[in-house]
Amino acid sequence: MSEPVVIVKNVWKFYSYMGQRIAVLKGINMVLYRGDMVCIYGPSGAGKTTLLKILAGLVRPDMGEVIVEGYNLSILDDDALAELRTSIISYIPQDYGLIEDFTVYENVELPLLIMGVSEEERRTIILETLRYIGISEKMNTKVKNLSGGEKQRVAIARALVVTPSILLADEPTANLDWENSKKILELFTRINKDFKTTIVIVSHDARVLEYVKRKYALYDGVLKEQS
Ligand SMILES: Nc1ncnc2c1ncn2[C@@H]1O[C@H](COP(=O)(O)OP(=O)(O)O)[C@@H](O)[C@H]1O
Ligand SMILES: [Mg+2]
């Protein structure tokens, strides 16, 4: 494949549990390429969310390095990491991270407000993105009145408005039935194709594996690529 966009070198993460130091990630190595679409698959407690948050610059590893689009995340301060998340990396948390009392439009607008995009330009980008995602008709609906599948779409729309080169999704199908899960996975496939976005989906659901180009298994903090 083409150029590497994410390089993970010997990443370790420890948490303390009842006074003991427990290794959650044990020397993770991984390279993701432009236009890649991968699934990190593994059971609950394997370290998937921790790894995804490290890729997003939300959690710092205790050892090792993560290089994203040439930026070494370990030498960036918190402000610089936050800026990367409004330009290069979009992270979609498992619980969507939406503001329930805001409308769909207002939620999707937030990253653009942070970036200082003008009102007129915001409107153009939001309308175009909602149309692409297929949720325009819910634009003025409050998020608390949406179904799980719709909330996941809004979370994807909010992640897309910054035109990220890397999209990270934590268990995007965990709260959905299989019909809705398929629609979300098809949407990720379309985004990957249309924008060459590098997509990482973390999941404990083996059915997700059919939709990706490459697969990694994460068991007990150890990552292995699967053929
Ligand atoms: N902030 C934290 N403090 C202490 N332990 C944590 C923290 N985050 C995760 N863990 C522990 O690390 C392990 C891996 O968690 P996580 O990355 O959420 O796994 P997964 O997403 O695969 O279920 C679990 O045993 C969890 O309890
Ligand atoms: Mg998790």
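Where is V143 found? V143 is in the loop between α4, residues 119-133, and α5, residues 148-160. Keep in mind throughout that this is a predicted model.

Next, the ligand site. Which residues surround ligand 1? The shell consists of Y15, V24, P43, S44, G45, A46, G47, K48, T49 and T50. Sorted by class, that shell has 4 nonpolar, 5 polar and 1 charged residues. Helix α1, residues 48-55, supplies the largest share of the shell, 3 residues.

Now the polar distances at the site. G45 uses its backbone: an N or O atom there lies 2.7 Å from an oxygen atom of ligand 1. K48 uses its side chain, where a polar atom lies 2.9 Å from an oxygen atom of the ligand. In the case of Y15, a side-chain N or O atom is 3.4 Å from a nitrogen atom of ligand 1. How much of ligand 1 does the protein bury? Taken alone, the ligand exposes 560 Å², and the protein buries 54% of that.

On to the aromatic rings. A pair of rings is described by two quantities, the distance of the centres and the angle of the planes. How many aromatic pairs does the structure hold? There are 3 aromatic pairs, and I will go through two of them. For W12 and F14, the ring centres are 5.9 Å apart and the planes meet at 15 degrees; stacked means under 30 degrees, so this pair is stacked. W12 is partly exposed, at a relative accessible area of 26%. F14 counts as buried, because its relative accessibility is 17% and the limit for buried is under 20%. F14 also has a charge on its ring: the charged end of R21 sits over it, 3.9 Å from the centre.

The other pair is W178 with Y211. Here the ring centres are 6.4 Å apart and the planes are at 70 degrees, so the arrangement is edge-to-face. Why does this pair tie together separate parts of the chain? W178 lies in helix α6, residues 178-195, while Y211 lies in the loop between β8, 198-203, and β9, 214-219, so the pair ties together parts that are 33 residues apart in sequence. W178 is partly exposed, with 22% relative accessibility. Its ring has a charge over it as well, from the charged end of R207, at 4.1 Å from the ring centre.

Backbone angles next. Most residues other than glycine have a negative phi. N10 has a phi near 45 degrees, a positive value in a residue that is not glycine. N10 is placed in strand β1, residues 4-17, and at 40% relative accessibility it is partly exposed. E69 also has a positive phi, near 50 degrees, and is again a residue other than glycine. Where is E69 placed? E69 is in the loop between β4, 63-68, and β5, 71-72. Its relative accessible area is 26%, so E69 is partly exposed.

E69 has a side-chain partner. A polar contact of 2.6 Å joins the side chains of E69 and S165. S165 is in the loop between α5 and β7, the latter being residues 166-170. Is S165 buried or exposed? S165 counts as buried, at 18% relative accessibility.

K26 lies in strand β2, residues 20-33, and is partly exposed at 28% relative accessibility. The C-alpha atoms of K26 and M63 are separated by 9.6 Å, with the two residues 37 apart along the chain. L84 is in helix α2, residues 78-84. L84 is buried, with a relative accessible area of 6%. From L84 to K213 the C-alpha separation is 25 Å, and these residues are 129 apart along the chain.

Note on methods: Residues numbered from 1 in each chain as written. Chains lettered and ligands numbered in written order. Predicted model: local features only at pLDDT ≥ 70, side-chain atom pairs only at ≥ 80, totals over all residues. Heavy atoms only, no water. Phe/Tyr/Trp six-rings, centres within 6.5 Å; stacked < 30°, edge-to-face > 60°. Buried < 20%, exposed > 50% of the residue type's maximum accessible area, 1.4 Å probe, protein only. Helix = DSSP H or I, 4+ residues; strand = E, 2+ residues; numbered from the N terminus. Lys NZ or Arg CZ within 6 Å of the ring centre and 35° of its normal. Near = heavy atom within 4 Å. Polar contact = N/O pair within 3.5 Å; in protein donor to acceptor, adjacent residues only side chain to side chain. Areas by Shrake-Rupley, 256 points an atom, 1.4 Å probe, with all protein chains shown as cover. Nonpolar A, V, L, I, M, F, W, Y, C, P; charged D, E, K, R; others polar.
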